[in-house]
Amino acid sequence: MNYALQTRNLVKKFGGFVATNDVSLNVEAGARHALIGPNGAGKTTLINLLTGFLEPTSGEVILNGTNVTQLAQHQRVKRGLARTFQINRLFADLTVLDSVTMAVNERLGLGARFWKPVASYAEAVDEAAHLLATLRLLDVAHEKTRNLAYGKQRLIEIALALAAKPSVLLLDEPAAGVPTSESRELFESIANLPRDVTILLIEHDMDLVFRFADQISVLVSGAVLTEGTPEFIANNPKVKEVYLGE
Ligand code: ADP
């Protein structure tokens, strides 16, 4: 099996409290893998261990077959791990296309120079437009990001993360704060992304998770309770029990 992202016996303790308890996660290359679990289950802690924001007490993080446990966040980004930008990373007065083009430029190493080779800049615009088309944002390409609905702004954050051409994208509640009327469309756009990017998703809305994911890991009290296909998880009595208590 070809795994894009794995953890091996990952443990994170805060003082005496075990927030991540021996988690061994296997995210297949190209998967839409969701991490679910009740509040306090340890989802955010796990994501922070994956990105390198937190250091594990023990265990390993493996990215595309390489042990990255000792690597800093930016080094993991360089190796293909991306997470969505926070909303304040958006340039409110730039158009959508200009924002994404800037992010593509940054990857191409053109951003810091004031002299831009014209051909490469045109390529960056082309690539940005292609990304917007994939995320169904082409119709708002020339709008300022500040004028867009919140759901669209969240999609632009995803476009900015994708501009770095990551192999793995971590989506931490992309629909948080997005009105339900927009969240379905948001997920349809994400579902349209090519399979060369592996996605690990944390999402509270089970309806969205079951539509989107092909693999689900259920986290409870810091440990993996069970994992499998959406069908398996939906019919799993252990999972039902956990969510009935919520
Ligand atoms: P989730 O994202 O699933 O809601 P979290 O990862 O945020 O869960 O939290 C898991 C548990 O770890 C919670 O009980 C939380 O209080 C605890 N926790 C998270 N971060 C810290 C920290 N920096 N110090 C102490 N406890 C923490």
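Predicted model: local features only at pLDDT ≥ 70, side-chain atom pairs only at ≥ 80, totals over all residues.
Residues are numbered from 1 along each chain as its sequence is written, and side-chain values use heavy atoms, with hydrogens and water left out.

Let's begin with Thr20. You'll find Thr20 in strand S2, residues 17-23; strands here are DSSP runs of E, at least two residues, and helices are runs of H or I, at least four, both numbered from the N terminus. Thr20 is buried, at a relative accessible area of 1%. For the cut-offs, buried is under 20%, exposed is over 50% and partly exposed is in between, with a 1.4 Å probe and protein chains only. Setting aside residues up to four places away in sequence, Thr20 touches Leu10, Val11, Lys12, Thr45, Leu46, Leu49 and Gly222, where contact means heavy atoms within 4.5 Å.

Next, helix H5, residues 150-162. How many of its 13 residues are buried? The count is 12, so H5 is largely enclosed by the rest of the structure. Among them are Lys152, Arg154 and Glu157.

Last stop, His204. His204 sits in the loop between strand S9 (198-202) and helix H7 (206-212), and is partly exposed, at 37% relative accessible area. Beyond its neighbours within four places in sequence, His204 contacts Asn39, Lys43 and Glu173. Glu173 is 31 residues away in sequence, yet 7.1 Å away in space, C-alpha to C-alpha.
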